[in-house]
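Have the viewer open as you read.

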Amino acid sequence: MELRKDYILDRWVVISEARKKRPREFMQKQETSTGACSFCPGNEHQTPQEKGRIGNPWQVRWFDNLFPFAELKGNPQIQTHNEFYTFGNPFGEHEIIVETTDHNKQMWDLNSQELITIFKAWNNRISELSLRPAAKWVAVFKNHGREGGASLIHSHSQVVSFNIEPPQVMAEINASKNYQNCPYCKLLENEKKSHRRVKETESFASFTPYASRFNYEVWIFPKKHVTRFTEFSEKEMSELAEHLILILSKLKKLEIPFNMFLHYPPKGYDLHFHIEITPRAAIWAGFEFTTGIIINSVSPEYAASYYRGEIDEYGNPHV
């Protein structure tokens, strides 16, 4: 495994041929349980050694990924040779969080309390892995469906500590410095009243971003300027679960795979925490890759009206 940077751009890749060996369970339609799933209760011996769990018997459990793209091996320091070749080891820990004991449930089937339990597991892993000396950031993300990059059906999310600061998050941080105050605080006030609003509760607001890259893309923001997921109270987690339940229930009706990830700053930086959900209904092609300009066939205003329940999954207005 090796971590490599583009010659000039702040763009990184992990070269990991071992990832080719991952199992692939997805067919065109989602399968049901066969009893052989290593994430199911009773098959705990089939996974790497458990690092933690919530509940006894467990409700959520976590362990190292059998096919990691970050490991505690080699030198965590990044180096450059011959001006253009910047590289290092992808140094960190890559974990799986199994989100439910039920093989036939996905995150969009879970209730508020079950989601809160997952949030607590995320908090636990962020808090612990952030303390590692070489960890500059801890990524928390979920891949759902084959097009979303998931290789196993049983609902799970992933946590990865890493030895570089994430370029995408750093781009948000650096762009925010062009404003006197947090731009996300201000745009949140605007979007709560716009045609892109999805849901508002006491502590959170969700909306479809103005320049959405993905069909039905949606962001969830806390109203107060919070930088860490670990800062939320259980009441706030319950509100966050409300937003996720609404959004994911709508994606379930559309049967769209998705990615979900937490955006927050590395230690020592400031960024308004938020969650981004990026459904994967469309495929990027030549124009997107050569220009970086995305063609989105679903306007964020249309997507928001669907999330608000004003139209159904076929585009028909609700009477």
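Predicted model: local features only at pLDDT ≥ 70, side-chain atom pairs only at ≥ 80, totals over all residues.

Which residues of α3 are buried? In this helix, which runs over residues 183-191, they are P183, Y184, L188 and E191. They sit on the same side of α3, because they cover an arc of only 130 degrees around the axis. As a reminder, an α-helix has 3.6 residues a turn, so residues three or four places apart point the same way.

## The chain as a whole

Zooming out, the protein chain has six helices and 14 strands. Its radius of gyration is 20 Å, close to the 20 Å that the globule rule gives for 319 residues, so the chain is as compact as a globular protein of that length. Along the principal axes, the C-alpha atoms fill a box of roughly 60 × 50 × 40 Å.

Of the 319 residues, 49% count as buried. If you take contacts between residues at least 6 apart in sequence, 67% of them join residues at least 24 apart. The chain exposes about 16,100 Å², and carbon and sulfur atoms supply 52% of that. As for charges, there are 38 positive and 39 negative ones, and their mean positions are 1 Å apart.

N89 is in the loop between β6 (85-88) and β7 (94-98). Is this residue buried, exposed or partly exposed? With a relative accessible area of 25%, N89 is partly exposed.

Leaving out residues up to four places away in sequence, N89 touches M1, L3, K73, G74, N75 and N163. N89 and P76 are 13 residues apart in sequence, with 6.0 Å from C-alpha to C-alpha.

## Backbone spots to check

There's a cis peptide bond from N56 to P57, with omega near 5 degrees. P57 is in the loop between β3 (50-54) and β4 (60-64).

Two residues other than glycine have a positive phi: Y216, near 65 degrees, and E255, near 55 degrees. Y216 lies in the loop between β11 and β12, and is buried, with a relative accessible area of 11%. E255 is found in the loop between α4 (234-254) and β13 (258-263), and is exposed, at 60% relative accessible area.

Definitions and conventions. Residues numbered from 1 in each chain as written. Heavy atoms only, no water. Buried < 20%, exposed > 50% of the residue type's maximum accessible area, 1.4 Å probe, protein only. Helix = DSSP H or I, 4+ residues; strand = E, 2+ residues; numbered from the N terminus. Arc of directions from axis to C-beta. Rg over C-alpha atoms; globule rule 2.2 N^0.38 Å. Contact = heavy atoms within 4.5 Å. Areas by Shrake-Rupley, 256 points an atom, 1.4 Å probe, with all protein chains shown as cover. Lys, Arg positive; Asp, Glu negative; His and termini not counted. Charge placed at Lys NZ, Arg CZ, Asp CG, Glu CD.
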